[in-house]
Amino acid sequence: MSTLILGLLLFLRMHSVRIVAEGWRTRTVARLGPMAWKGLYSLVALAGLALIVWGYAQARQQPVLLWSPPVALKHLNSLFTLLAFILVVAAYVPRNAVRARLHHPMILGVKLWAFGHLLATGKLADLLLFGAVLLWAVLDFRAARQRDRAQGAVVAPGKAVPTLLVIVVGAAAWAAFAFWLHAALTGVAPMARAG
């Protein structure tokens, strides 16, 4: 469990710099340069992610069950994950209505993914992983909206074709992940489990 916790600390701490130390981040980027900062950021985040994957896999070998979620919550998680995929895609497609309305769809997608998985799983490692990511996403979304207000940020209005593209690509990516990739990468077949 300590490897998972260390990975979460590294990964989420790096992703929390703008939440807790915006001024330090700005000074560091100015001192190192944008490319060096991105390189350092990526190295620390990847190291954290590798530790999370390794630590979570270790924790699954000796699971500590906290509760047994009802099947209905597993179905709800499937819906939340579908919406999360659509939100993540919306962060990358210009001029879509989802991004125009929500401003930070990727963070909202992470919140939905973490919340859904927190509901649908009941082991200690799940609580640590999904609970920590959910807490981070809540704080990051709040900080991002505060920055938007302070900077007077404006998102271009959405258009129909990019919005439709977001929904189609997000749903297709979700289907591929839910029916094939999730089992291949994690050993858990969510659609078989939810059924």
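L118 is found in helix α7, where helices are DSSP runs of H or I with at least four residues, numbered from the N terminus. The structure is a predicted model, in which local features need pLDDT of at least 70 and side-chain atom pairs count only at pLDDT 80 or more, while totals for chains, interfaces and linings use all residues. Residues are numbered from 1 along each chain as its sequence is written, and side-chain values use heavy atoms, with hydrogens and water left out.

- Leaving aside neighbours within four places in sequence, L118 is in contact (heavy atoms within 4.5 Å) with W67, D126, L127, F130, G131 and L134.
- The C-alpha atoms of L118 and L134 are separated by 8.7 Å, and the two residues are 16 residues apart along the chain.
- H117 also lies in helix α7, which covers residues 105–120, and H117 is buried with a relative accessible area of 10%.
- Not counting residues up to four places away in sequence, H117 touches N77, T81, F130 and H182.

**Helix α5**

- Helix α5, made up of residues 71–90, has 20 residues and reaches 29 Å from its first C-alpha to its last, close to the 28 Å expected at 1.5 Å a residue; the expected span is 1.5 Å times one less than the number of residues.
- The buried residues in α5 are K74, N77, S78, F80, T81, A84, I86, L87, V89 and A90, and N77 and T81 are among the residues that H117 touches.

**Loops with positive phi**

- Most residues other than glycine have a negative phi.
- R95, in the loop between α5 and α6 (97–102), has a positive phi near 60 degrees although it is a residue other than glycine, and R95 is partly exposed with a relative accessible area of 39%.
- H103, in the loop between α6 and α7, is not a glycine and has a positive phi of about 70 degrees, and H103 counts as partly exposed at 22% relative accessibility.

**Aromatic pairs**

- The structure holds 8 aromatic pairs, in which rings of Phe, Tyr and Trp (its six-membered ring) have centres within 6.5 Å, with planes under 30 degrees apart counted as stacked, over 60 as edge-to-face and the rest as tilted.
- The rings of W174 and F179 form an edge-to-face pair, because their centres are 6.1 Å apart and their planes stand at 80 degrees.
- W174 is buried, with a relative accessible area of 14%, whereas F179 is partly exposed, with a relative accessible area of 46%.
- W24, W37 and Y41 are linked into a cluster by ring pairs.

**The second largest pocket**

- The second largest pocket is lined by residues that include I5, L8, L9, L12, A132, L135, W136 and L139.
- Helices α1 (2–15), α2 (17–20) and α8 (124–151) each supply at least two residues of the lining of the second largest pocket, and α1 gives the largest share, 5 residues.

Technical notes. Buried < 20%, exposed > 50% of the residue type's maximum accessible area, 1.4 Å probe, protein only. 1 Å grid on protein atoms, 1.4 Å probe; cavity = no way out; pocket = protein on both sides within 12 Å on 5 of 7 lines; lining within 4 Å.
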